[in-house]
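Please look at the sequence and the 3D structure below.

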Amino acid sequence: MSSVVLAIVLPLLAAFLLQPLDRVAPSLARLLGPATLLVAAWVLAETWLTRGSVPFTVALGGFAPPLGIVLYVDALALLFALAVPVFGLLFWPWSAAGEDRVREQALTLLLLAAAAGLALSGDLFNIYVFYELVAVASFGLAAAKGTARAQVAAVRYLLIGAFGSLLILIGIAIVYTKTGTLNLAQLAQLAPGTLDGPAGLAAFALMLIGFGVKAELFPVNTWVPEVYATAPARVSALLAGLISKLAVLVVIRLLVLVFDQPSAAQLMLVLGILGTLAGELAAWRARDFPRMLALSSIGQLGMVFIAFSIGGELGLLAALGVALHHLLVKPALFALSNRWSGSLEALAGAGRRSPLSAALFVLFALSLVGVPPLPGFWVKLLVLVGLAQQGEALHLAAMAVILAVTVLEANYLFRLALRLYRRADGAPEPPARLDLATAGLLGAGLIAVTLTITPVGEGLRQIAAQGADASVYVGTVFPQPVALRDGS
Amino acid sequence: MIPFTLETVLYAGAIGLTAIGAVGMVMSNHMFRMVLALVVAEAGVNLLLILSGYRGGAVAPILEAGAAPLPMVDPVPQALVLTAIVIGVGVQALAVGLLIRAYQAYGTLDVRELRRRMEDDLCAAAGVTSPTSLHAPGDGPLPVPEAQAQGVRG
């Protein structure tokens, strides 16, 4: 049994210990969450350093797959699993007060534990359970402010989320009826004969929409602007940055392993195009900062799906690039929006009051639009090159859409940047020191990636090559039937 | 032609329940009815899952010492459904809890009305005019309510 399990178990345990511990020793309870996350991050980082990029599995409880549940640990899973405690620490609810503090910290720990589970699990039903845990924790966090509008937004989010979970369950029922297993590796072996018909496509469509609720996929993303505008900024940052990416990771695994068929990729491409268009057009019209960020995040997630529909190693590389870039940029912007939550007009002059935060905003805006040396440019280039190589009508349409929304993005982001530097009275308060530090840290990360773009790109290419190869996954989970693995 | 057997009837029932629930969730105008529709749909999906492991005339999957193994139903979907039921109950309870708070705040559970009130509230807190406002475009901006003074994000 490897220590990777601790990354899931410890936050889960801490989430439920927090409430009683707060009664006995409040000062200890204050430290419990961050300490747990530090241990989880250390365990994952240590695994990465010692195991390198060789994938391995952990059979939970010692029960071998396919009957037992396995955790599948490869570089792709570790990358996302490691992002979970790191972003959890960056957006930890330090400032929540009183009774709310314990509740919000416990929910955050629950969210992070389940998120790490989503990244690592190799069993379809186990993934569903972790997904539901993420969902329930995020419903609670969405209502964390306790205002009436936050509760209405949370209940609307909950109904869409529950509908999505229902679709996933139907998908699971179809898959199980057709194959008799829920282990992803065994599904990968059985899928070619059983799931490549219309039933398989239906199962994929249902699960795509179901997991798409958290991944802000069109058309199940109506909750996004409401929730991100009413929830605390740190919650929006976690949901938009981290949780959406883990839902994307699940869809990636499903498509690579189980539903490797052109019509499935095409469905994703169409939904991605619609999401990008709808999100960016709505963001262009948005009149307050949090909702502008929320809607632009729908657009960016749409681009992740477009990128991944290219297929193969290049598709996965492009999707990873867009997803990781968004993971760095959007949470930082949400951190800035904590104090700048008013209408866009009210932000006039904010840059003169806090030059550093305005400079950070401009940096992130430039990268989002895709101005050359910044990573945003390289990921958009990757997507466009991949689409051009495919060269079918739909792919060319996707290219046109991406270029068109880039113009929109430039328009609404630079419009705001200009407004920040305008001379005006009554500029809003500058962002709090903690928010500014978080955004600064992520900004430094963005610049570091810009400077080391070649090794980072090469590392991502290796991760993508490994992740896009279903035979590696199957060979790692079932080492015995060597016939499935090629000689190399 | 689909044969008229027990299994067809059961599948039709499960799919029918799911469809009734799903349509109910999309069509109803009342939040609480949406939650009820969710319950119906979940029951349908759970039946569907149970059916995926069903075998006609088989016994429950309990192996007793010394007994000859009889044909058994697949235990895996039953375990899954057990989990799904528990998750479903939790989510429904949370939904009803949030609905009570929403009703206390706005005095209605009508979907469109609730959405409009929330949208107005949100726009007022952000200091922008609401796109769903009942005021004609020429009426000028809505008066900014006191809510804005409550806090930075309202």
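Of the 488 residues of chain A, 62% count as buried; buried means under 20% relative accessible area, exposed over 50% and partly exposed in between, with a 1.4 Å probe and protein chains only. This is a predicted model, where local features need pLDDT of at least 70, side-chain atom pairs count only at pLDDT 80 or more, and totals for chains, interfaces and linings use all residues. Residues are numbered from 1 along each chain as its sequence is written, chains are lettered from A and ligands numbered from 1 in the order in which they are written, and side-chain values use heavy atoms, without hydrogens and water.

Chain A has 20 helices and two strands. These are DSSP runs, numbered from the N terminus: helices are H or I with at least four residues, strands are E with at least two. The radius of gyration of chain A is 22 Å, close to the 23 Å of the globule rule for 488 residues, so chain A is as compact as a globular protein of that length. That radius is taken over C-alpha atoms, and the rule is 2.2 Å times the number of residues to the power 0.38. The C-alpha trace spans about 70 × 65 × 40 Å along its principal axes.

Now the interface. Here 45 residues of chain A are in contact with 49 residues of chain B; contact means heavy atoms within 4.5 Å. The two chains bury about 4,000 Å² between them, 72% of it on carbon and sulfur atoms. Buried area is the accessible area (1.4 Å probe) lost when two parts are put together, summed over both.

The rule finds three salt bridges across this interface. Each is a side-chain nitrogen of Lys or Arg within 4 Å of a carboxyl oxygen of Asp or Glu. One of them joins B:R115 and A:E226, with the closest N and O atoms 3.5 Å apart. Four helices of chain A, α5, α6, α9 and α12, each give two or more residues to the side that touches chain B. The largest share, 18 residues, comes from α6(A).

| Site in chain A | Angle |
|---|---|
| A:F218 and A:P219, cis peptide bond | omega about 5 degrees |
| A:E216, not a glycine | positive phi of about 55 degrees |

Most residues other than glycine have a negative phi, and most peptide bonds are trans. A:P219 lies in the loop between α8 and α9 of chain A. A:E216 is placed in the loop between α8 and α9 too. At 1% relative accessibility, A:E216 counts as buried.
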